[in-house]
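Colleague: I would like a close look at one helix and the strands around it. Please keep it brisk, and give the cut-offs as you go.

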Amino acid sequence: MERKLISARCGVINPLSIDDYIKTGGYVALRKALRMERIEILEEISDSKLRGRGGAGFLTSTKMMGLAKESGPMKYIVCNADEGEPGNFKDRFLIENDPHQIIEGMAIIAFATRANHGYIYVRGEYDHAIEVLQWTLLEARKHKFLGNNIMDSDFSFDIELRSGAGSYVCGEEFALIESIEGKPGRTRVKPPFPTSIGLFGKPTLIQNVETLVNIPAILTMGGKAYSKIGMPNCTGTKLISLSGNVKNKGVYEIPFGISIRKVIFELGGGIENNKKLKMVQLGGACGPFIPEYMLDMLIDYERFEEFESKTGAGAIIVVDDRFDLFDLMLRVVRFFEHESCGKCTPCREGHAQLVILLQKFIDKKASMKDLISIESLARVMHQTALCGLGQSSPTAIISTLRYFRDEYIDRCDIWTN
Amino acid sequence: MIQLKINNIELSVPEKTTILNAARMNNINIPTLCYYPDLGLQSDCRICVVEIDGQKGLATSCSTKVREGMVVKTNSPRVLNARKTITELILSNHDANCTACPKNLKCELQSLANKLGIDQNRFEPVLRVKPIDTSNPSLIRNPNRCIKCGRCIDVCKNVQGMNVLELMGRGHDAEITPAYGRFLSDESCTYCGQCASVCPVGAIIENDETDRVWKQLHDKDKTTIVQVAPAVRVSLGEALGLPIGSIVTGKLVTALKLLGFHYVFDTDFTADLTIIEEGHELLHRVTNNGVLPMITSCCPGWINYAEQRYPSILSHISTCKSPQQMFGALAKTYFTKIIQKEPKDVIVVSIMPCTAKKYEAKRDEMKSDGIHQDVDIVLTTRELSKMLDQMGVDFAKLDETPFDNPFGITTGAAAIFGATGGVMEAALRTVYEVVNHQPLESIELTEVRGLDGIKETSVELGGNVYRFAVAHSLSNAKTLVDQVSNGTSPYTFIEIMCCPGGCIGGGGQPYGTIQKTRRDRIEATYLLDQSMPLRKSHESPAVKEIYRAFLGEPLGELSHKLLHTHYHSRQHT
Ligand SMILES: Cc1cc2nc3c(=O)[nH]c(=O)nc-3n(C[C@H](O)[C@H](O)[C@H](O)COP(=O)(O)O)c2cc1C
Ligand code: SF4
Ligand code: SF4
Ligand code: SF4
């Protein structure tokens with residue numbers, strides 16, 4: 001059921017050995033790219049229908065074309081390796097097991113879009129991943145895959161490493177840019193989008209780690225062939241971070257279109273300690289909770305979007321029936337209350353009120369009015385927050401109001417209002 | 001032109017218009033809170049959201065541009081519910097004790113809540129009370145009222161180039177505070193009050209001293225004197241229901257007399273005097289190889305800036321006191337003698353467009369007898385309008401009264417002090433004639449007028465051509481000051497005013513000041529100048545008289561003692 005397109009080397013080669021990477025076909029795609037016309041590379045990526053793997057699922061070729069169109073002497077490529085959302089660990093897995101792939105992907109895109117400098121923004125807590133990347137950058141430079149005149153071509157490009165101060169919101173594009181610029185991580189008003197005015201005011205393309213490692217694979221097999229993998233509008237493979245009360249936790253690479261149930265029960269080996277599955281949180285902390293009867297849903301961005309959330313970083317968090325729905329949601333909301341950057345009203349003030357309202361349900365002191373309030377508040381936050389954090393953090397509540405509404409009503413004191 | 005539909009009305013607006021402006025141009029009002037014309041877009045309050053067909057979430061109309069065929073709803077149930085919810089959220093973390101707030105009835109949050117029909121809040125109060133910043137004589141910062149709209153940060157950073165205020169902390173603990181300390185006095189704040197003039201609520205506000213003035217007015221043992229700055233007469237009217245740019249000099253004098261002041265004088269008198277002293281200082285520097293360029297000193301916000309951020313250029317600043325302080329010094333020496341009173345029994349109040357003047361009046365240097373402050377209390381234009389409201393007069397219907405003498409006869413040169421470029425123009429009107437011994441052909445120096453950030457002119461004096469420059473708002477001032485500090489300034493004399501537009505745009509002026517307001521007030525200022533019989537400071541008979549009867553000569557010993565001052569470095573580390 002797994003389809004190892006981008007994780008084939010993981011656990012097989014020595015990640016610190018550039019020779020291992022080259023022996024297994026590494027940097028062949030970059031060599032090929034350097035001999036292609038820039039527009040051909042962009043067309044391959046367009047043919048592949050690759051979508052961003054960082055959560056929003058945006059068509060990668062559109063963003064790349066956007067950057068390619070910008071003129072000007074300075075353009076940046078940023079690899080987003082902030083991965084701060086609880087339940088996600090696939091970017092770390094890629095960095096620690098096959099780091100050269102990221103560099104190769106960045107270099108190809110930089111060449112195709114005429115970008116001249118790159119950054120990898122790694123989550124501050126990822127000590128080992130940072131060390132691996134430092135070594136990898138040195139090695140790549142030594143072997144002329146980075147720096148001036150890459151592989152003796154007239155193309156020059158280098159990458160610097162930056163690490164975050166451990167705040168989740170820094171994974172958001174503009175907050176990340178502000179953070180690299182040395183300011184507190186807070187988003188900006190869009191538009192303009194980063195591809196026109198980004199890092200240090202220059203056009204900037206920001207892509208997730210997993211998105212980038214797909215680039216060498218696409219160039220190697222061709223965009224058309226790539227687009228045959230997975231689903232018609234959601235092509236390729238996806239790394240799934242499987243965690244929670246499941247037997248075999250870990251990262252799995254599957255083609256899009258496999259059901260959630262198969263991932264949990266076949267790859268994951270089912271529920272731990274012979275417990276019963278109660279629900280699953282999809283995507284990560286800002287994803288929806290879905291009940292057991294929905295597990296046959298296929299993993300596909302289009303389906304995920306129906307949850308009023310664009311969260312598809314690829315986490316599956318399994319919850320067995322020992323857990324209380326409201327305790328979990330309180331934990332989720334508290335996380336976002338702490339991580340909110342404080343800039344916009346709905347997110348800054350909304351989480352504090354969600355905590356108060358949830359606590360009422362936990363204490364069985366809620367009224368039907370509170371049910372209406374929590375629903376309305378969660379929706380207003382989702383519809384009006386300035387950045388993706390506040391827009392997606394209420395997803396857990398919105399989804400449980402839909403699929404577990406009875407549990408809310410059971411906890412309401414229906415005689416008061 | 002772009003065709004779109006708002007609330008089922010077909011509209012056609014220019015490209016790149018925001019939905020908010022498209023609606024406003026067509027008489028559809030979308031409420032806003034963080035939005036302020038002329039300032040940068042914050043888009044963080046989220047009040048101005050609208051529904052756009054085909055779009056999932058709601059969009060902020062302040063930041064979304066119109067597109068061909070767009071269908072927008074500004075009042076759908078979803079939009080109204082969102083606006084109401086957001087406002088309730090703001091109120092849940094706000095000290096909403098409105099009657100105890102100086103911004104009561106002038107508060108944008110209060111009026112928004114009222115418009116949205118919020119009579120109770122679904123959400124629990126979650127305010128964690130924080131200490132109030134009363135560290136300085138000019139401004140009070142009450143974080144418990146702050147709604148984190150970001151306007152103050154923007155004006156301080158982008159208009160003033162100061163960066164004093166910052167959004168610190170995350171999530172619910174986010175707070176707008178001075179970046180490196182709790183209090184404005186911990187930072188190189190200039191007390192310009194631009195932040196206060198844009199704050200939609202009562203979170204940054206001038207230190208209200210109206211009660212102190214009431215007390216003095218009712219103290220039988222005190223003689224009360226009031227002086228009125230040039231910029232106040234073209235702005236007070238708008239706070240009291242008259243059109244923007246109304247000239248209300250005569251009514252203002254009547255109102256101050258009704259309040260009970262014994263003497264109502266004109267700061268324009270000492271503005272004329274400033275021109276004489278400063279003009280002579282300039283000539284002295286030019287002819288004696290003194291430090292040049294010389295920079296004006298009337299603006300206390302600018303002095304605060306220079307002392308804290310550019311101590312190395314302090315010798316460039318004219319030693320002349322500001323007109324407010326020259327007035328105070330003469331009031332507590334010359335005038336107390338005339339009326340045979342002791343300085344301790346005389347109270348000098350100033351009406352100023354400015355919050356930094358409150359700080360200036362409290363400086364140690366500003367005590368002519370070494371004990372009493374020359375100016376006892378400074379009220380902003382806003383505070384005066386509040387006192388007049390309290391007194392209960394119909395300002396528009398008041399008769400006109402002239403200022404009292406001996407500090408009542410003034411010239412058009414003094415009248416224009418309130419507009420950016422005015423001090424420079426007034427000075428050149430005098431310096432030209434003193435040096436060239438011939439009348440100035442055209443006394444209106446249009447090159448230094450108007451709202452361009454930096455303006456320049458050159459004038460021939462005694463056979464040499466000299467260059468002069470004018471800057472208003474501190475971000476523009478910085479450009480000129482940097483040249484001075486690195487020795488590349490091509491100018492002989494520079495005027496700097498800290499507030500955009502000069503004092504007519506001061507931090508103590510009526511709320512709602514935008515570029516158009518500044519323009520209207522400036523226009524009124526030049527009308528005043530044109531209407532005056534005398535338009536050059538050195539022609540003022542009152543000025544001639546005070547030199548004859550008291551001061552002796554410009555830059556003389558007594559002038560030096562009473563009308564000049566010195567500056568010192570107050571750099572923060
Ligand atoms: C609060 C927040 C946190 C985010 N964190 C991450 C992250 O850790 N890694 C990531 O790749 N994208 C993250 N994103 C998404 C990015 O903003 C952006 O969409 C993504 O990096 C684009 O890359 P992609 O198109 O390759 O997915 C986050 C978004 C939000 C709103
Ligand atoms: S939704 Fe608003 S407060 Fe929350 S993180 Fe984004 S910008 Fe900051
Ligand atoms: S008074 Fe002026 S300098 Fe001080 S914080 Fe306000 S805007 Fe900034
Ligand atoms: S102090 Fe006033 S202007 Fe500044 S953020 Fe708070 S409410 Fe807005």
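Colleague: Which residues in helix H11 (residues 260-267) of chain A are buried?

Modeller: First, the ground rules. This is a predicted model, where local features need pLDDT of at least 70, side-chain atom pairs count only at pLDDT 80 or more, and totals for chains, interfaces and linings use all residues. Residues are numbered from 1 along each chain as its sequence is written, chains are lettered from A and ligands numbered from 1 in the order in which they are written, and side-chain values use heavy atoms, with hydrogens and water left out.

Now the helix. Ile260(A), Val263(A), Ile264(A) and Leu267(A) are buried in H11(A). Buried means under 20% relative accessible area, exposed over 50%, and partly exposed in between, with a 1.4 Å probe and protein chains only. Helices (H or I, at least four residues) and strands (E, at least two) are DSSP runs, numbered from the N terminus.

Viewed down the axis of H11(A), these buried residues fall within an arc of 115 degrees, so they line one face of the helix. The arc is taken over the directions from the helix axis to the C-beta atoms. After H11(A) comes Gly269(A), with a positive phi near 75 degrees.

What does that face pack against?

Take S7(A) next. Seven of its eight residues are buried, so S7(A) is largely enclosed by the rest of the structure. S7(A) pairs with S8(A) in the antiparallel sense, over six bridges. Two strands pair if DSSP finds at least two bridges between them. Leu239(A) has Glu253(A) as its bridge partner in S8(A). The link from S7(A) to S8(A) is a hairpin through five residues. S7(A) also pairs with S11(A), in the parallel sense over four bridges. There, Ser241(A) has Ala315(A) as its bridge partner.

Compare another strand of chain A. In S1(A) (residues 76-81), six of the six residues are buried, so the strand is largely enclosed by the rest of the structure. In a regular strand the side chains alternate between the two faces of the sheet. Both faces of S1(A) are covered. Tyr76(A), Val78(A) and Asn80(A) are buried on one side. Ile77(A), Cys79(A) and Ala81(A) are buried on the other.

S1(A) pairs in the parallel sense with S2(A) (residues 117-122), over six bridges. In that pairing Ile77(A) stands opposite Gly118(A). S1(A) also pairs in the parallel sense with S4(A) (residues 204-208), over five bridges. Asn80(A) has Asn208(A) as its bridge partner in S4(A).

One more helix in chain A is H16(A) (residues 388-392), which holds Ser392(A). Ser392(A) is buried, with a relative accessible area of 11%. A polar atom of its side chain lies 2.6 Å from the backbone oxygen of Gly388(A). That is a polar contact: a pair of N or O atoms within 3.5 Å; within protein, one must be able to donate a hydrogen and the other to accept it, and residues adjacent in sequence count only if both atoms are side-chain atoms.
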